[in-house]
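Please keep the sequence and the 3D view side by side while reading.

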Amino acid sequence: GGGGGGGAGGARLTYVDTHCHLDLILPKLVTEQQQQKGEGVGGVVPAEVDFDSWRAGVEARERTREGFMGAELEAMLTIACSAESFAPVEALLGRPGVY
């Protein structure tokens, strides 16, 4: 990626996660969000997952020097270990930068 913005010499550092296991991240994210709401932990319901807030948090952390060298997450190429584990992730494929 590239383009204007901060960083050394005005360049913006970006990266693409080419091996993103959203199939493993999604259930953990659902559990955390249900616990924050004081709800019992149930199954994965992608429509109820606040994926955008999670991604924004990842991007904010990784733009710091302590994160991923100050780089910004440009895209995620998701993979899954099985067709069954990939099914809940399919609802996220239309999001910007999720492939």
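This is a predicted model: local features need pLDDT of at least 70, side-chain atom pairs count only at pLDDT 80 or more; totals for chains, interfaces and linings use all residues.

Glycine 38, which has a positive phi near 75°, follows α1.

**Helix α1**
- Helix α1 runs over residues 22-36, and its 15 residues reach 20 Å from the first C-alpha to the last, close to the 21 Å expected at 1.5 Å a residue.
- The buried residues in α1 are Leu22, Asp23, Leu26, Leu29, Val30, Gln33 and Gln34, and because they cover an arc of only 125° around the axis, they lie on the same side of α1.
- Leu24, Lys28, Gln35 and Gln36, on the other side of α1, are exposed, where exposed stands for over 50% relative accessible area and buried for under 20%.
- Among the elements that cover the buried residues of α1 are β1 (14-20), α2 (51-62), β2 (72-78) and α3 (83-86).

**Helix α2**
- The end C-alpha atoms of α2 are 16 Å apart, which agrees with the 16 Å that its 12 residues should span at 1.5 Å a residue.
- Phe51, Trp54, Arg55, Val58 and Glu59 are buried in α2, and seen down the axis they fall within an arc of 135°, so they line one face of the helix.
- The cover over the buried residues of α2 includes α1 and β2.

**Reading the pattern**
- An α-helix has 3.6 residues a turn, so residues three or four places apart point the same way.

How values were computed
Residues are numbered from 1 along each chain as its sequence is written. Side-chain values use heavy atoms; hydrogens and water are left out. Helices (H or I, at least four residues) and strands (E, at least two) are DSSP runs, numbered from the N terminus. The expected span of a helix is 1.5 Å times one less than its number of residues. Buried means under 20% relative accessible area, exposed over 50%, partly exposed in between (1.4 Å probe, protein chains only). The arc is that of the directions from the helix axis to the C-beta atoms. Contact means heavy atoms within 4.5 Å.
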